[in-house]
Amino acid sequence: MASSLILHHYQLSPFSEKIRLMLGAANLPWQSLLVSPLPPRPATDPLTGGYRRIPVAQFGADLVCDSQLITEEISQMSAKEYLAPSNASQEALELATFAESTLFFDAASLVPPRQALTELRRHLSLFDTARFIWDRLGIARETRGNLSVAEGAKRFRNSLAKLDEQIQGEFLFGDQPGHADFALYHPLWFLSQVGAVPLSPKLTRLNAWYSRMNQFGHGPHSPISAKDALAVAAASQPRGVLPEFRDHPDVGHEVVIAPTDYAKVGTRGHLAGVSEQRWILRRDTGRFGTVHVHFPRRGYRIRRKD
Ligand SMILES: N[C@@H](CCC(=O)N[C@@H](CS)C(=O)NCC(=O)O)C(=O)O
């Protein structure tokens, strides 16, 4: 029987909200493992072995990193192929990339500092709030360059005005929600829900689209503890790797895989398989047995270590 999905996530995480909402749209049951907004994450780190971003989806002893690959899994599990990035048009992919980079960082910079602090203090101790701010300042320097908040705000307003004109139907590219809809939703969710900055009422189509998306909710889910999630990994074997995925010169070799954009911490292991979309890394964790960690190829680099 296929292992059910355990989502390693935290409440304030926009990329996790993208996945939670997609699980709602797909109506798939899932288990919720709430983790810290910043490392160390005792139930995630031993399994992923370095990768430090959230969300991560766990299926037994398989860890799927990055929301773009998690959406592929959700699409397959729910047989709703229109949710997957691999089925999106070039135009939809470009919009999703824009929404999750430029628009996302502009939206994050518009959250009023006082509000950000209040939200953080609701979830974290004073010490961890300070650690979080210090940690994310480092990531902000990696991603934003020298753009001022005012310039970012102007660019954000212009982007939303353009998007408002673009929406003609129920969803961005037709009558069904796709990858781009979820990619656009989460920066706007972050600014309105976490930042308490509502969308301008003048953006009538965008507001209607946002409410439509919001209605998907998070689907049926129940909590799972860190101890139980680790026990699930320890009691499971990684999924088999298709023979055609093993037909790559680096398979069997020791490699490090890391994101190319930010939070570029690498994960070391032996390459177990390669498909058009993903790398599969085998890691022997000791306590929790062998796991496979899956990374998308887009936005990640791989280096041989032997
Ligand atoms: N491309 C990744 C981005 C994930 C991401 O940036 N997650 C945030 C939290 S919403 C994060 O982990 N930030 C930096 C960090 O903790 O290292 C994805 O789609 O999953």
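Two strands count as paired here if DSSP finds at least two bridges between them. Keep that in mind for the views below, which come from a predicted model.

**View 1. Strand β4 meets strand β9.** Strand β4 covers residues 62-65, and three bridges link it with β9 in the parallel sense. One spot to look for is Asp62, which sits opposite His292 of β9.

**View 2. Strand β8 meets strand β9.** Here the strands run antiparallel, with seven bridges joining β8 (residues 278-284) to β9. Look for His292 again: in β9, this residue is the bridge partner of Arg282.

View 3. Is β9 largely enclosed or left open by the rest of the structure? Strand β9 spans residues 290-296, and six of its seven residues are buried, so the strand is largely enclosed by the rest of the structure.

View 4. The domain assignment gives domain 1 as 5-81 + 221-304 and domain 2 as 89-214. Taken over C-alpha atoms, the centres of domain 1 and domain 2 are 24 Å apart. Domain 1 puts 14 residues into the contact, while domain 2 puts in 21 residues. On the domain 1 side, helix α1 (residues 14-26) supplies the largest share, with seven residues. What kinds of residues make up the side of domain 1 that touches domain 2? They split into ten nonpolar, two polar and two charged.

Terms used:
Residues are numbered from 1 along each chain as its sequence is written. This is a predicted model: local features need pLDDT of at least 70, side-chain atom pairs count only at pLDDT 80 or more; totals for chains, interfaces and linings use all residues. Domain bounds come from an automatic or database domain assignment. Two residues are in contact if their C-beta atoms, placed from the backbone, lie within 7 Å. Helices (H or I, at least four residues) and strands (E, at least two) are DSSP runs, numbered from the N terminus. Ala, Val, Leu, Ile, Met, Phe, Trp, Tyr, Cys and Pro count as nonpolar, Asp, Glu, Lys and Arg as charged, and the others, Gly among them, as polar. A residue is buried if 20 or more other C-beta atoms lie within 10 Å of its own, exposed if 12 or fewer, and partly exposed in between; C-beta atoms are placed from the backbone.
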